[in-house]
Amino acid sequence: TSPQVTPYFAEPLELQPGLTFLAVGAAATAAGFLLTRRRKDTGLALLAASAVFSVIVIFDGVLPKIGNFMQAPLRDLAMQARKELGPDEPLILFGLDNPSILFYSHRRAIMLGRDEFEKLQQYLNQDGRSFIITNNSLAQQLDNQVALSPVAQRGFYLLASNRPAPSAPK
């Protein structure tokens, strides 16, 4: 099986073992040729080949997964907020300056800085339901100052509401 880096990534980071082996092997062989000062042209060719394989591994295997690691949790939370919030219910981004949340939620949002606790309390104390998206470390700081009901958590981010979720009818 291929190596995986978990649980930090939204998706498992699966490196392509064949290309990784070729990249490392070509680089090691090139280093051997260059260090022995024989057949530098072969060493340079192998070095170029290892660079190509390394670029393929990085751009095809690693960078898309890192992009998903950074973006997928916010995308999922924004889409969940879009589904659950009514047209007049606000979405509040607390301590996040990420325009992609607005894109995925298909709505305007109230953007508050990480030090604007009083404004956040004003919004959350209004009648009606509000959703807030913030990172986990700020959410822990909010626990002492604002009553929030967690709705969902993905990666390093939390979607919460100022009102508990309605209970399902029995």
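**Reading burial and contacts in a predicted model**

Me: Why does Gln-80 count as buried?
Reply: Good place to start! Gln-80 has a relative accessibility of 18%, and buried means under 20%, so Gln-80 counts as buried. Do keep in mind that this is a predicted model.

Me: Where does Gln-80 sit, and which residues does Gln-80 touch?
Reply: Gln-80 belongs to helix α2. Leaving aside residues up to four places away in sequence, Gln-80 touches Val-151, Ala-152, Arg-154 and Leu-159.

Me: What makes the pair Gln-80 and Glu-84 a polar contact?
Reply: The two side chains come to 3.0 Å, and the cut-off for such a pair of N or O atoms is within 3.5 Å.

Me: Now for Leu-96. Why is Leu-96 called buried?
Reply: Its relative accessible area is 12%. With buried set at under 20%, Leu-96 is therefore buried.

Me: Where is Leu-96 placed, and what does Leu-96 touch?
Reply: Leu-96 is in the loop between β1 (91-94) and α3 (99-105). Not counting residues up to four places away in sequence, Leu-96 touches Leu-74, Ile-101, Met-111, Leu-112, Ile-133, Thr-134, Asn-135 and Tyr-157. Leu-138 is 42 residues from Leu-96 in sequence, with their C-alpha atoms 10.0 Å apart in space.

Me: How many helices and strands does the protein chain have, and what pattern does the chain follow?
Reply: There are 5 helices and 5 strands. Along the sequence, the pattern reads α-α-β-α-β-α-β-α-β-β.

Me: What share of the protein chain counts as buried, and how many of the contacts come from residues 24 or more positions apart?
Reply: Of 170 residues, 32% count as buried. Residues 24 or more positions apart account for 53% of the contacts with a separation of 6 or more. The accessible surface comes to about 10,700 Å², and 58% of that belongs to carbon and sulfur atoms.

Conventions: Residues numbered from 1 in each chain as written. Predicted model: local features only at pLDDT ≥ 70, side-chain atom pairs only at ≥ 80, totals over all residues. Heavy atoms only, no water. Helix = DSSP H or I, 4+ residues; strand = E, 2+ residues; numbered from the N terminus. Buried < 20%, exposed > 50% of the residue type's maximum accessible area, 1.4 Å probe, protein only. Polar contact = N/O pair within 3.5 Å; in protein donor to acceptor, adjacent residues only side chain to side chain. Contact = heavy atoms within 4.5 Å. Areas by Shrake-Rupley, 256 points an atom, 1.4 Å probe, with all protein chains shown as cover.
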